Every structure is written in structure tokens, then in C-alpha cells.
Amino acid sequence: MARAWARVRANLRLSAGARLFDQWLAPIQLVESADRADVRLTLPSAFMTTWVKSHYADRLVHEFRAILPGIRSVEIDTAPRVAPVEVVAAETAAPIAVANVPTGEPVSASERPSLDPRLTFDRFVGDASNMVALNAARALAQPGPVRFSPLFLHGGTGQGKTHLMNAIAHEFLAAHPDARVMLMSAERFMFEFVSAMRARDTYSFKAKLRSCDLLLIDDLQFIAGKDATQEEFFHTVNEIMAAGKRLVIAADRAPQALEGVEPRIVGRLASGLVADIRPSTPELRRAVLTRRIADLPDVTVPPDVVDLLATRITSSIRELEGALTRVTAYAMLTGETIDLEFAQVTLGDMLRGAQRRVTIDQIQKAVADHFELKPLDMLSARRARAVARPRQIAMYLSKRLTTRSLPEIGRKFGGRDHSTVIHAVRRIEELRDSDRDVDGAVRVLLGQLEG
């Protein structure tokens, strides 16, 4: 059987060509079978098994029967942990090395992911806006059976998604030092996949990702519209999930709101745990600043400066930390004491950029123009969805982009009660996670109004 398998491999290499053979057929392993009339072959992944079955099942039966006419069947299975039978060369009877997939072998330093040592669970500041995502990340990183996979994290830029992904990897590697972990952006996924296709070596790319015990992919929205990349991403997700391994995906919006992403991918991602990170609250921003200041040696930041940063730098936690770094660095370089005036001068451009100068009238006009309505429709009592939904979006934007109170916003919308404004804001927040059209309209309007 071993001699026959060696001849079959040699014939396949000649007929398929070295490149295709090395990519798809070389990993096939011959394993012992109880019945010598049945040939059993295995491959290291279900994806490869499916491909070989669809393209070479009949050919393998033909090749074996041409050498051993008594062969009854050739079975092709996925069994990476089955020890291979030693292959013997037909002419020399010398052992031939068979491709095998390492299991449980130490991971070299070059295979370790490049993680930011600062981004750990201990340094992540949590509150109600991100608590579900934080607890889900901790649960996925813990050793033991996988409770859910994939974990899909979504939220605005700079709100903590990348921090949590690094923290998961740190925690998992601490419990499993020899585990294979990979953290990459969707852009890098696409670049490496395209490079592998151009080099006609996609097998190495597939094997690298699908051998991971923990795979983390950030900024998934960047593969929108990239059909070939999405095809490969879909199969990678399937392999990781089928193997019961851990998968973490992050994007700037919920799976259902990802435009240009195939429905089958959305379905796979939504089948796990979807956790959102909502915009930070003033309390969270103060807590983040307090934590970061405590890490700075010999630096004193007065409470009024902390309040200035927490109330004026609201777009993202990343920008907030950048503002603190700028203030403390300038103080160190100039030798000046940090006070409110110093912070205002140092952060002049950032504070001016963060100021919200949009008025409710401007918001109402922008929304009416976008939906081809009359400005008076924002104030009317009409309840038709074509009018009510844009009105709710306008209320949501008014709450987000102005400092007006809820009663003031309600009065600007035809004398409505503040509870109506609360309902509108909550409804649009919900729809942004599930309705692509609503989320897209809000993003366009935000770009216009904030620009």
C-alpha cells in the first residue's frame, strides 16, 4: 500500500504540475486501514478535503486501481491529528517525508503576534457603555471550552475595540503560551491574500490562518465590495468555527449594517455574540484620564483641566488620550505648570475642532434636504413613516451635535415633549445597528454637519 501510494503521488505530481500538487495534494496523508481493500486518505482541514474530493476523488480511485486492482474504495477525510503511514518510494523503498500539520508544537518567536503591551484588561476602563463587550472579551480569553465564537465587537473609531482585541490575545497567550494566535486588520488580510494569489501560493496563506487557536481580525468594514477577499474570509471563518476555535471580529458597525458584505458572512458573524461599544460618557472619559494620569510619574493635572478634556474631547477615547499626552508632554518640554490656561493654549486647535457649532435649525434643514422633505415637516404632526423617521433622525442628531437640553430640542420640533425626543434618540440608536439605510443616512448627515 505504501509503495502504491508513492507511485500515485508521483503520477499526480506529473499530471497536476508541481505548483498545484504542492498546494493541494502534497498534504494528503495515507493512514492505516483495517481492510486492505479500502484506502484511507486524510487532509489537515475540511476546506482542503472538500476541494480534493470535488476535483480528485475519481482520479485517486483510478490511480490506485491501476496499481492495485483489488482496491474497493478510496476514502478522503479530515483528520489532522491522525499519525500518517510512512510512505515508501516505489523504486528504492527509502522513506519519503510526508507533509504533516504540527499539533501542540512550540511556537517560534517569529510566529508570535505583535501585541501592544499597554493594551491589557487591567488598563481597560469600563462602564455601562462598554461593559458587555468587556465581559464578553474576558470570557472568550479564559481557558477551557469555547463558550461562544465568533465574538463580534462593534463601535465607533477610538472607542476601545483594538484595546480589547489586544487584551484577549494577551490573556489567552498567558494561559496557553504555545497557542497559535494571530491579530491582523482586514486590510492586511486582503493584502496578504492578494499577494498569495499573485505568487500562486494561497495554500500557505490558508494554512497559516486556519491553524490558529485564536484569530482576531480588526476593521472588517474594509473588505466591503472585495469579492475574492470575502470568499476567502468566509471559508476561513467556517474553518475556525468548525474546528471549535476562537474567532474575534471587530468593525465600526453591527454585522447587519455592514454595506457591501455578503449576507452569508453577515449570517456567520451574527451567529456568535455581538457586543457593541457605545459612545463614551463624560464619567467614562474622566475615569480614563484619571487612570492614565496615575500612570504618569511626577505629573499633576488639576481637576479643572481633567473636566476640560472630558467635556470638550468627546469624539473618541483615543483622541482624548492624545490630548492628555500633548498637554503633559508640552509641560515637560517647556517646564511650565499644567493649569487651565496652559491646557487651553496647548490644545487650542483640538478644542476648536471639537466645538459643536451646529444649530438645530441647520440640522432640520440638512435632514429635510437629504430626504427631500419640506423644513416644516420637521415641525408638523404628520406620523407617516416617510416623515416620522427623518424627524427622529433630526432629533437624534440634535441631541448628539448640540448642547441643547431634551425639552429645548422638543420645543424646536413643534413643541414636542422631552419623552418624544428620548424615544427618537433610542429608536435611531437601535436602527443604526440593524438598518443599513438608517445608519447610512446618519453617517452622511454627520459628515455634512460636522464638516
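## A buried glutamine

A residue counts as buried when its relative accessible area is under 20%. In this predicted model, Gln221 has a relative accessible area of 18%, so Gln221 is buried.

Where does Gln221 sit? Its place is the loop between strand E8 (214–218) and helix H8 (227–242).

## Aromatic pairs

How many aromatic pairs does the structure hold? There are 4. One of them joins Trp5 and Phe64. The ring centres are 5.9 Å apart and the planes meet at 10°, so this pair is stacked. Trp5 belongs to helix H1 (residues 2–16), while Phe64 belongs to helix H3 (residues 46–67). The pair therefore ties together parts that lie 59 residues apart in sequence. Trp5 and Phe64 are both buried.

Phe189 and Phe233 make an edge-to-face pair. Their centres are 5.8 Å apart, with 80° between the planes. This pair also links distant parts of the chain. Phe189 is in helix H6 (residues 186–198) and Phe233 is in helix H8, 44 residues apart.

## A cluster and a charge

Phe189 and Phe233 belong to a cluster.

Arg264 lies over the face of the Phe234 ring, at 4.1 Å from the ring centre.

Methods. Residues numbered from 1 in each chain as written. Predicted model: local features only at pLDDT ≥ 70, side-chain atom pairs only at ≥ 80, totals over all residues. Heavy atoms only, no water. Helix = DSSP H or I, 4+ residues; strand = E, 2+ residues; numbered from the N terminus. Buried < 20%, exposed > 50% of the residue type's maximum accessible area, 1.4 Å probe, protein only. Phe/Tyr/Trp six-rings, centres within 6.5 Å; stacked < 30°, edge-to-face > 60°. Lys NZ or Arg CZ within 6 Å of the ring centre and 35° of its normal.
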